[in-house]
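Trainee: I am new to this structure. Please show me how to read its features one at a time.

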Protein chains: 2
Amino acid sequence: MLCLYTDETFMKEAFKQAQYALEEGEIPIGAVVVCNNKILARAYNQTEKLNDVTAHAEMLAITAAANNLGNKYLHDCTLYVTVEPCPMCAGALHWTQVKRVVYATADEKRGYRKFGNLLHPKTQLETGILQHECADLMSSFFQNKRK
Amino acid sequence: MLCLYTDETFMKEAFKQAQYALEEGEIPIGAVVVCNNKILARAYNQTEKLNDVTAHAEMLAITAAANNLGNKYLHDCTLYVTVEPCPMCAGALHWTQVKRVVYATADEKRGYRKFGNLLHPKTQLETGILQHECADLMSSFFQNKRK
């Protein structure tokens, strides 16, 4: 069976969001929320633009998806994000009881995983989809910052 | 020296916010952000009203305080909250680099402390101010829920 919708399909959409962040001088992280192969929300990191530390891609995507669904729980949804969520975002994902989280590349410094499993016990986790592209986007952003 | 502004003064303001939450059928948690003895932001939990898991008192107070200050960092501020923050809120507080966090009563189930120190290493922590009042408000909310 030909499957039109794969994790890679949706991670590419999250990657596009990350590219928008880069164009706006933000740390390039993007996220999408998907339910039954439909994208409910797209968002990218806007902490500089909104002058708000809570405006991470995942947080904005969670709020937008809940608005779209009319439900604060995202039981049947998958959140795709280009970088491992931080503890704030993992904690928010816990409250949503989201079905799956898929992230591309780990964040050894500020990723949630070093603090244990902050996600909901029922949430499935997948990693490594488009890992190199998403990691390269982050590296090039920080290299340019240092110049 | 008579000190007009104590931790108790500001925790009482957070407690008032928690009472507003209770009146609206929300889990009764309130928060205020204070800088140089001036309250920059007041907020209470609005997850039901806004249909958004991210609308915790602390998150709303952080965003409002940053708007008020024109700075996403809350280096010179203290956040008062009636209940121990969850990992989402502690993670957000980490990003703000807030000077102090004062909470009234612990949350053994969903508080951040069982996951380690999710706050910024420079953030000072104080607990137990108005502990009984804030704990009683939570207990009475959940007892009424069960009826």
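Mentor: We will go through confidence, a site from a record, one threonine and some salt bridges.

Trainee: What should I know before I start?

Mentor: This is a predicted model, where local features need pLDDT of at least 70, side-chain atom pairs count only at pLDDT 80 or more, and totals for chains, interfaces and linings use all residues. Residues are numbered from 1 along each chain as its sequence is written, chains are lettered from A and ligands numbered from 1 in the order in which they are written, and side-chain values use heavy atoms, leaving out hydrogens and water.

Trainee: What average pLDDT does chain A have?

Mentor: pLDDT is the predictor's confidence in each residue, from 0 to 100. Chain A averages 96, and 99% of its residues score at least 70. For the complex, the predictor gives an ipTM of 0.96 and a pTM of 0.96.

Trainee: Where does C86(A) lie?

Mentor: Helices (H or I, at least four residues) and strands (E, at least two) are DSSP runs, numbered from the N terminus. C86(A) is in the loop between β3 (77–83) and α3 (87–96) of chain A. C89(A) has its place in helix α3 of chain A.

Trainee: Is C86(A) buried or exposed?

Mentor: Buried means under 20% relative accessible area, exposed over 50%, and partly exposed in between (1.4 Å probe, protein chains only). C86(A) is buried because its relative accessibility is 5%. C89(A), at 0%, is buried too.

Trainee: Which residues does C86(A) touch?

Mentor: Contact means heavy atoms within 4.5 Å. Leaving out residues up to four places away in sequence, C86(A) touches H56(A), E58(A), R110(A), Y112(A) and W95(B). On that basis C89(A) touches H56(A), E58(A) and M59(A).

Trainee: With which side chain does T54(A) make a polar contact?

Mentor: A polar contact is a pair of N or O atoms within 3.5 Å; within protein, one must be able to donate a hydrogen and the other to accept it, and residues adjacent in sequence count only if both atoms are side-chain atoms. The side chain of T54(A) pairs with that of T63(B) at 3.5 Å. T54(A) sits in the loop between β2 (38–44) and α2 (57–69) of chain A. At 11% relative accessibility, this threonine is buried. Beyond four places in sequence, T54(A) touches residues including M88(A), M59(B) and A92(B).

Trainee: How many salt bridges are there over all chains?

Mentor: A salt bridge is a side-chain nitrogen of Lys or Arg within 4 Å of a carboxyl oxygen of Asp or Glu. The whole structure has 14 of them. One joins R100(A) and D7(A), at 3.0 Å from N to O. R100(A) lies in strand β4 (residues 100–105) and D7(A) in helix α1 (residues 7–23) of chain A, so the pair ties together parts 93 residues apart in sequence. R100(A) is buried at 17%, and D7(A) is buried at 18%.

Trainee: How many residues apart are K16(A) and E13(A)?

Mentor: They are three residues apart in helix α1 of chain A, so about one helical turn separates them. K16(A) is partly exposed at 39%, whereas E13(A) is buried at 18%.
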